[in-house]
Structures are given as C-alpha cells and as structure tokens.
Amino acid sequence: LMLSVQSQKSPIRLASSQIFLQYLIDYPMGKQRMDNHLHQIVLNIKYEYEEGRLSAIDLFSSVIQKFPLPVLEEKSQFFFLPLVLQLANDDSKKCKEAVAECISLLLQRLSTESVQAFFGYAKRWSVSSGIDSLPMQRASAQLFGIFVESRPDYVKRGSNASDLISIVLDVMLKQITFESESGWELLYHNLVCTEKLNKQLPSLLPANYEIWGALVKMLAYPHPWIMQVSSRIISSHLSTIEPTKLLSDGSESFAVKIPGCLYKIASNLCRQLDVEDIHYVESTSTIAIKTISWVFRAMKQHPNICYDVDESNKGDSGEEENALARSKDPCLWLMTRLSNIAKPKDIHRRESVFKCFAALCTSCNPDDLIPYLELMIDPIDRAIREGNNLHPDEQAGNDPKIAIPKDVLQIVEDTCGTEQFIRAFAEVNRKVRDKRDKRKQELASEAIHNPAAAAQRKIKRQMGKRERKKGKIDDRRAMRGASKKRRHS
C-alpha cells in the first residue's frame, strides 16, 4: 500500500495497487483489519505529491467498483465525506477530475436511499452561511454537477430538479453584478451544473426564462471562464433551432420569449470579440463566432423581435428614432459593430472579426450579405494596406497578418459575386481617398492658421521616424548575433 503511493515509478505504483486490491478482496480478514486498510486508503488521497494522490484515487475508485454492494453501502458515508473534502481542497486539476470521477462511480453503485442522503447534504451545504461558507457552497455546486451526470434518474424524481434549478438560479442572480471577485468560482461551478442539466435533462430548462435571461447577461461577465461556459450553453440551445424558422420551430425558446434577446446576445458576443490580445481566448472567440452567425440569420429573417420596445420607449425621442431605425435592419447594426471592432490593430481582435465574416459567408445566403459588403471589405482592406506598409513587397505575402485578410477577402468575393464585390471595393477605396485628401487639407490649413502646432507635429513625426530607424538597426544587429548598440540619453 505504501509503494502504491510513494514510489516514484509509475509501473511500480500501478502493480502495487493491483496487488493490494487483490489482497483486500480475496484475503479473509476481520472487520477491524479491513477498516484499518480502508482508513489508510482514504488518508492516501491527501498525499503530498500529485502523482501519489492520483495513484491513491485510482485505487480508491477500484475499491468502489470491486467491493460488494452491502459492504459499499455500509461504508458509503466513510467514503463520501473525505472525497468531498478532497474535491473542495485539492489544488491539482487532474486530482480534482479523478476525485469527481470517483464520487460519480460511488453514486452510480449506491442505492437511491443513500444517494438521497448525500443529495440532502449538498443542499444544506449550498445554503450554508458564515465566514467559511464559500468553500462549502463551491463543493455543493460541484456535487450537483456530479449528481446530474451520474444519477439523472434520481435528479428527475420528485422536486429534486426544481430544487436544484432554484439553487442555481439564486446563485446566478446574486453573482450577476460581479460585486465580489471571490464569487466567480462559485458561479462557474453552478454554470457547469446548468450545462450538465441542459445536456442530460434537456426538457427541464427551456421554459425557465429567468435562467436564460441571466445566461445572456453572463456573456458579458468580466471573467473569461464565466463567459465561455455561458456561451457554450446558449450556443448548444440555439444550435437545435433553425434560425430561419425561429418563430415556428423555436416559438417557446427564450430567444423569442425574452424581448430584445437577439440584440442582447449579439451585443454581448461582440464584447467578447472586442478585447485586447492579452485577454484573447481562442475557444471563447470560436463559440462567439458560431453564435453570431446564427444570430445574424435569425435577425435577417425576424427583424421585428430583435429589440425590446419597452426599453426603447424609456429613452428620449432621439433614442426612440435610433431604435426605430435599427429595428428596420438590425443586421446593419451588427455588421457595423463588427466592422468597428476590427479597426484597432490588435491581431487576434481583427482575426476574430475576419473569421466571423468568413463564417457568415459560408452559412448565409449571398443576397443577405451584399448590402453589407462595404462594411466587411473596409476593415479587411485596411489590415492588408497596413501590413503592406510594414513589410517589403517580397515579404508581405508570408505575413499571417496579411494572409488571413487576403483569404477572407477572397471568400467574400466568391460568395457575393465579383461584380458586386468590385463595386463595393471601389466605393471603399473612394472613401479612403476622400478621407486622406480631407486630412491633407486639414494639415495644410493648420500650417497656415496654427504654425506652432504644425511645427510641433512635424517634430513629433521626425522623432518617430528616427526611433523606428533605430529599432530596425537594432533588429538587424540582433539577427547577425551582435548586441544592441548602447545609446546615451
């Protein structure tokens, strides 16, 4: 038993665990001796090093699978509580997953009466109060997810499902304001439980519009894990409905029942794309792109349900007119928003928007995209021009900053047709030239009417050129293996 945890070699730990398990099952021994061995197995899951803990948890799982049911029922309390403590306190992700699997195996083998007792524990922990209540609430949220996955038959019985949903909703409504950073983990585990409920028992959640409304708000939550799991749940639900048949096939969906829901989803998903590169998460961006393409098709087919009329009426007359104008074509607002997001030079932000354009081209009717060609071409063309300015012609084609925009631009042309594309492209270039000419006129006017400011601008531009030149020289020296030249200020 000691070697199964403390040995530094994985084959020895595995062989020791198998031998000890065989001994425990086959060798005749008294109750006290059996209890001592089981007690040591339980203690081993708290071992100092991760590899040893994983080996101990694997042995624990094997014991749960191999022990006769009467013995397992008798020892269920003795097994369950230490596992829950380890689930709550272990710092290792692998160990947490192994412990969760171990608890799941235990619940699957136990009788309904034992499962009911443990479910009661989790419910009491979820409403605990006091200084140390947060770890208990997090543990209960994780347990609820394990209950849903391992014993959906029990969760469906009686009022268990409604009790669980009310507990989850209460946590979501309390944490939705992000008043305390310490609460995000509790909210995350409850959202994971909600995701499992939606997957295992899909008939329970669709009519609970309060939960769906909270999930839509969670799309803009500051913590990336919360955004990601909320996006997964909403995307999973929407993918079961054809966007063009939303009012018929999805008439009971939250996207129809909650006023202005499509606009809120699109707005919050755009916020997920509109982040600096340091906060970029590829998986979150991918889900957002998929959902935006669905929302665009739904907006195009059903523009009258995109906005909450009551909220629009609360503003002044100018806001009401804007809301009315947007409601005529909500897709115009969405494409304008995406086009504006791609204006800053962050690489991942632009790539996300360009991939979104490509997804729209592959999933939408070309006629639906033609009115927004200029909005798509403008940021793509800007990225290509900026990339060409940064690199010599012979190197520009190898730069992914240029390659991706060029590929997307080709997809847009292939989807919408060359004639429409050329017309829109020419209009975009005309606007760029007009803007450049206007800027030149403003600078010339400034040189006449405010020569001091013009001189200051010229000095600043020359300093910038000098710094860029120094940077290029240092880069070339570094490529040759020489140290950077020391500069004295």
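Predicted model: local features only at pLDDT ≥ 70, side-chain atom pairs only at ≥ 80, totals over all residues.
Trainee: Where do I start? Which residues have the most contacts inside the largest nonpolar core?

Mentor: They are Ile103, Leu262, Ile265, Leu338 and Phe357. The core itself has 128 residues.

Trainee: Take Ile103. Which residues does Ile103 touch, not counting residues up to four places away in sequence?

Mentor: Ile103 touches Phe80, Leu83, Val84, Leu87, Leu143 and Ile146. Phe80, Leu83, Val84 and Leu87 are among the buried residues of H6.

Trainee: Let us stay with H6, then. How many residues does H6 have, and how far does H6 reach?

Mentor: H6 has 14 residues. From its first C-alpha to its last it reaches 20 Å, close to the 20 Å expected at 1.5 Å a residue.

Trainee: What covers the buried residues of H6?

Mentor: The cover includes helix H3 (31-44), helix H4 (50-66), H5, H7, H8 and H9. Besides those named above, the buried residues of H6 include Ser76, Phe79, Pro82 and Gln86.

Trainee: Which residues in H8 are buried?

Mentor: First, the general idea. An α-helix has 3.6 residues a turn, so residues three or four places apart point the same way. Now the case here. In H8, the buried residues are Ser114, Val115, Phe118, Phe119, Gly120, Ala122, Trp125 and Ser126. They pack against helices H5, H6, H7, H9, H10 and H11.

Trainee: Now the rings. How do I read an aromatic pair?

Mentor: A pair of aromatic rings is described by the distance of the centres and the angle of the planes. A search of the whole structure finds 17 aromatic pairs. Take Tyr23 and Tyr27: their ring centres are 5.2 Å apart and their planes are at 35°, so the pair is tilted.

Trainee: What about Trp212 and Phe254?

Mentor: That pair is stacked, with 4.7 Å centre to centre and 0° between the planes. Trp212 lies in helix H13 (residues 209-218) and Phe254 in helix H16 (residues 254-257), so the pair ties together parts that are 42 residues apart in sequence. Both Trp212 and Phe254 are buried.

Trainee: Which residues do ring pairs link into a cluster?

Mentor: Phe80, Phe118, Tyr121 and Trp125.

Trainee: Next, helix packing. At what angle do H14 and H18 pack?

Mentor: The angle is about 35°, and the axes are 9 Å apart. The crossing of H14 and H18 is left-handed. H14 gives Pro224, Gln228, Ser231, Arg232, Ser235 and Leu238 to the contact. H18 gives Ser283, Thr284, Ile287, Lys290, Thr291 and Trp294.

Trainee: Ser230 is also in H14. Why does Ser230 count as buried?

Mentor: Because its relative accessibility is 0%, and buried means under 20%. Leaving aside its neighbours within four places in sequence, Ser230 is in contact with Leu191, Leu215, Met218 and Leu219.

Trainee: One last residue. Where is Val192?

Mentor: Val192 lies in helix H12 (residues 184-200). Val192 is buried, at a relative accessible area of 18%. Between Val192 and Lys435 there are 49 Å in space, C-alpha to C-alpha, and the two are 243 residues apart in sequence.

Methods: Residues numbered from 1 in each chain as written. Heavy atoms only, no water. Core = buried A, V, L, I, M, F, W, Y, C linked by side-chain atoms within 4.5 Å. Buried < 20%, exposed > 50% of the residue type's maximum accessible area, 1.4 Å probe, protein only. Contact = heavy atoms within 4.5 Å. Helix = DSSP H or I, 4+ residues; strand = E, 2+ residues; numbered from the N terminus. Phe/Tyr/Trp six-rings, centres within 6.5 Å; stacked < 30°, edge-to-face > 60°. Axes fitted to C-alpha atoms, helices over the stretch in contact; angles between N-to-C directions. Left-handed = near helix turned anticlockwise from the far one by under 90°. Expected span 1.5 Å × (residues − 1).
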